[in-house]
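Biologist: I would like to learn how to read a structure of this kind, feature by feature, with the general idea before each case. Could we look at it together?

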Amino acid sequence: MCTSIAMKTSDFYFGRTMDLDYEFHTSVVITPRNYPVTFRRSSVLRRHNAIIGMASVLDDYPLYAEAANEKGLCMAALNFPDNAYYPDEEDPRKTNISPFELFHWILGQCGTVEEARRLLDSTHLVNIPFSSSLPLTPLHWHIADQTCSATLENTRDGLHLYDNSVGVLTNNPAFHFQLTNLCQYMNLISGYPRNCFSELEGIAPFGQGLGSFGLPGDYSPSSRFVKAAYLLLNSVCDKDDSSSLAQLFHLLDSVSIVKGSVLSQRDACDMTTYACCINATKGIYYYKTYTNSQFTAVNLRHENLNASTLRIFPLSISQQIAWAN
């Protein structure tokens with residue numbers, strides 16, 4: 001259970017919540033331009049775009065959950081169980097890539113969604129696990145730049161890259177359902193509701209916010225999609241970086257999961273373990289964790305982007321407080 005959002009003000013911002021019932025030991029990781037990226041069925045990518053994002057590092061390989069590259073292209077992987085399908089058969093006409101390699105394959109070579117679309121036309125996702133002890137996770141992906149968003153899904157009928165005019169992605173059901181489902185909420189407004197009982201006088205709203213009465217508030221993927229889409233598309237935000245950063249985190253907070261409110265099938269607490277906001281224009285990755293509400297930032301451009309080794313920043317998880325006295 002996760003939610004990703006793409007938002008444009010003066011700069012381009014991309015953020016997500018990571019909702020899990022377990023910890024998978026992530027850090028903010030920078031992959032510099034000369035870090036050699038090895039693919040299981042393709043040649044080594046020895047020079048590529050620099051990348052910053054949240055990742056687990058196994059055998060010196062960053063497995064990104066979301067990331068942005070130095071050109072401002074962003075990408076997030078979200079859980080997509082029962083729908084995601086990775087065939088065992090390779091396609092000799094295309095480049096065969098495992099889903100765990102997709103971040104480096106796309107962000108390493110592309111600078112826009114359109115460039116990613118052209119690359120994916122010649123890409124075939126194939127069922128190659130990272131290791132015998134780490135099988136592939138069923139995923140779909142939100143890919144976005146400052147002008148547009150797209151949703152990438154690989155199902156039994158093939159690889160599809162859908163235009164995502166909403167700029168939001170959650171989990172199941174498939175993306176085309178999420179768009180259709182929005183039609184049920186076309187009546188929602190941010191303003192003062194009109195009295196539809198034309199013959200009854202004296203009927204008036206008894207509080208602010210009744211124009212959006214019926215907006216879902218539960219944590220299901222379809223409800224989070226509707227809520228995030230409504231709030232994003234009605235968002236009013238100043239153009240400066242501080243206002244934009246605060247606004248995107250407020251949007252993410254609206255769909256964040258409080259520990260104890262959702263239990264997984266194994267009776268573990270599903271919760272928002274972290275939320276992040278990437279200023280993709282400036283290359284700055286901001287995050288906060290469930291146990292530390294203070295923003296922590298890592299700037300891609302403060303590092304040597306021509307290096308050949310990973311730069312790893314462990315998460316700040318202890319609550320930081322600015323004491324006033």
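This is a predicted model: local features need pLDDT of at least 70, side-chain atom pairs count only at pLDDT 80 or more; totals for chains, interfaces and linings use all residues.

Biologist: Which residues does Thr31 touch, not counting residues up to four places away in sequence?

Modeller: Residues are numbered from 1 along each chain as its sequence is written, and side-chain values use heavy atoms, with hydrogens and water left out. Contact means heavy atoms within 4.5 Å. Leaving aside residues up to four places away in sequence, Thr31 touches His48, Asn49, Ala50, Ile51, Pro62, Tyr64, His104 and Leu310.

Biologist: Where is Thr31 found, and is Thr31 buried or exposed?

Modeller: Helices (H or I, at least four residues) and strands (E, at least two) are DSSP runs, numbered from the N terminus, and Thr31 is found in strand E3. Buried means under 20% relative accessible area, exposed over 50%, and partly exposed in between, with a 1.4 Å probe and protein chains only. Thr31 counts as buried because its relative accessibility is 0%. A polar contact is a pair of N or O atoms within 3.5 Å; within protein, one must be able to donate a hydrogen and the other to accept it, and residues adjacent in sequence count only if both atoms are side-chain atoms. The side chains of Thr31 and Tyr64 are joined by such a contact, of 2.7 Å.

Biologist: With which side chain does the side chain of Arg41 make a polar contact?

Modeller: The partner is the side chain of Glu90, at 2.6 Å, although Arg41 and Glu90 are 49 residues apart along the chain, with their C-alpha atoms separated by 9.4 Å. Arg41 lies in the loop between strand E3 (27–31) and E4, and Arg41 counts as partly exposed because its relative accessible area is 46%. Beyond four places in sequence, Arg41 touches Glu90, Asn96 and Ile128.

Biologist: How many bridges join E1 to E2?

Modeller: Two strands pair if DSSP finds at least two bridges between them. Seven bridges join E1 to E2, which run antiparallel, and the two form a hairpin with three residues between them; Ala6 stands opposite Phe14 in E2. Strand E1 (residues 2–8) is mostly covered, with six of its seven residues buried. E1 is also joined, by two bridges in the antiparallel sense, to strand E12 (residues 168–169), where Val168 is the bridge partner of Ile5.

Biologist: Which strand pairs with strand E10 (residues 149–155) over six bridges?

Modeller: Strand E11 (residues 158–163) does, in the antiparallel sense, and E10 and E11 form a hairpin with two residues between them. Thr155 has Gly158 in E11 as its bridge partner.
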